[in-house]
Amino acid sequence: MPEGHVLEFAGVTKRFGPVTAVDAFSARVEPGVVTGFLGPNGAGKTTSLRILLGLISATDGSATIGGRRYSELTHPLQTVGAALEASSFHPGRTAANHLKVYAHAAGIPVARVDDALGTVGLADVAGRKVGGFSLGMRQRLGLAYTLLGDPGVLVLDEPSNGLDPEGIKWMRGFLRELARQGRTVLVSSHLLAEIQQTAQAVLIIARRRLVFQGSLGELTEEDERSTLVDAPDREALATALSRAGMSFDLLRTGFTVRGVEPTRVGAVAAGAGVALSSLQRRGPALEEIFLDLVNGVRVHTPAAPAPTEETPPAGAAPADAEAPADAETPADAETPADAETPADAETEEQR
Ligand SMILES: Nc1ncnc2c1ncn2[C@@H]1O[C@H](COP(=O)(O)OP(=O)(O)OP(=O)(O)O)[C@@H](O)[C@H]1O
Ligand SMILES: [Mg+2]
């Protein structure tokens, strides 16, 4: 199995004349997980990736793959597979011929062409000219190109653009599988939702600089989380919570207990002999946090040492995408576990 490598951006700055596209960007990308490279349009994602891939040079700083610059790699295609946005293909060439050209140039066995096309679901159209390909088919062909050398590092710039829902789902599973094999997978996107379901780690770049690096779970502070709890006997539950020194608000859907994990709330209820009808973890909407980080309203403070309770893995954490418990947070991102309409719950809270 090909080896993943650490990618390192060290103080990368890029100026295009008067425009500073990236400013002292430093980040580290580890193998074995999918890392999302997130930022709004114009934040500097593509520029940073182009520097990493040796397509343009940095004005200052350096970007390395396993400690080496791209230009120093002995077998670049076998080390890093990269697909940047707006990949251009020769329209008159078939998909298979397109890949064969690169395979020949890089000393990769031609059999890899069929493997790569098969992996991305283009085996049936291998003999068709690329000029007639749809956007989604071109994206898949770009991905086949990255896989040609069976590299340990994959760098993909907005790979889901133009893919249909089935294609997006396939891409997510595919990237996670590549990471599970120990490869380094760096995927950029301007959409949090895209990254949220795929990436275990995230880099967020905004206004040309890194504003966050960590897991999605670490984006939310412990004290911003809360628990939504309800019981048929609300009076008994309220008494038990008060006795335990927990402060709470009553909504139509139950009680919101701020800054307390569900396990503690459940234990208090059990201790008081109160049967519960629901118990859910709530967190602020990630989308709100992302926008605040990007707009500079929020500055991330590094997460506290790992809590004793289990924190859900960021890549597969629907809990993190849950409803904002905060009255200031709009209800539109809610995904309640119960049948109650979230908007109602929030409206009631705001009253
Ligand atoms: N070749 C160039 N010449 C001049 N300015 C450039 C060039 N390439 C990028 N820029 C500028 O650098 C900034 C960052 O651009 P970049 O393409 O890296 O952003 P991005 O994060 O990839 O955005 P998007 O989400 O839209 O793809 C932008 O202000 C852009 O206009
Ligand atoms: Mg871009």
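Let me begin with one pairing, in which β10 and β12 run antiparallel to each other and are joined by four bridges, where two strands count as paired if DSSP finds at least two bridges between them. What we are looking at is a predicted model, in which local features need pLDDT of at least 70 and side-chain atom pairs count only at pLDDT 80 or more, while totals for chains, interfaces and linings use all residues. Residues are numbered from 1 along each chain as its sequence is written, and chains are lettered from A and ligands numbered from 1 in the order in which they are written.

Within the pairing I started with, Thr227 stands opposite Val257 of β12. On its other pairing, strand β10, residues 226-230, is joined to β13 by five bridges in the antiparallel sense, with Leu228 opposite Gln280 and Asp230 having Ser278 as its bridge partner. These strands belong to an open sheet of four, ordered β11-β12-β10-β13, with antiparallel pairing. Because β11 (248-251) and β13 (278-282) stand at the edges with a single partner strand each, one side of each is left without a neighbour in the sheet. Direction ignored, neighbouring strands here are turned by 20° against each other on average, the axes being lines fitted to C-alpha atoms, for helices over the stretch in contact, with angles running from 0 to 180 degrees between N-to-C directions.

Helix α9, residues 262-271, packs on this sheet and touches β10, β12 and β13, and its direction makes about 155° with that of β13; contact here requires C-beta atoms, placed from the backbone, to lie within 7 Å. As for burial, four of the five residues of β10 are buried, a residue being buried if 20 or more other C-beta atoms lie within 10 Å of its own, exposed if 12 or fewer, and partly exposed in between, again with C-beta atoms placed from the backbone.

Let me turn to β7. Six of the six residues of this strand, 184-189, are buried, so β7 is largely enclosed by the rest of the structure. Thr184, Leu186 and Ser188 cover one side, and Val185, Val187 and Ser189 the other, all of them buried. Strand β3, residues 34-38, runs parallel to β7 and is joined to it by five bridges, with Leu38 opposite Ser189. Strand β6, residues 153-157, also pairs with β7 in the parallel sense over five bridges, and there Leu156 has Val187 as its bridge partner. Together with helix α6, residues 165-180, the strands β6 and β7 make a right-handed β-α-β unit, meaning that, with the strands pointing away from the viewer, the path from the first strand over the helix to the second runs clockwise.

Which residues surround ligand 1? They are Phe16, Val19, Ala21, Gly39, Asn41, Gly42, Ala43, Gly44, Lys45, Thr46, Thr47 and His190, counted if the C-beta atom, placed from the backbone, lies within 6 Å. This shell divides into four nonpolar, seven polar and one charged residue, where Ala, Val, Leu, Ile, Met, Phe, Trp, Tyr, Cys and Pro count as nonpolar, Asp, Glu, Lys and Arg as charged, and the others, Gly among them, as polar. Both β2 (19-29) and α1 (45-52) supply at least two residues of the shell, and the largest share, three residues, comes from α1.

For the whole chain, there are 11 helices and 13 strands, taken as DSSP runs (H or I, at least four residues, for helices; E, at least two, for strands) numbered from the N terminus.

Definitions and conventions:
Contact = placed C-beta atoms within 7 Å.
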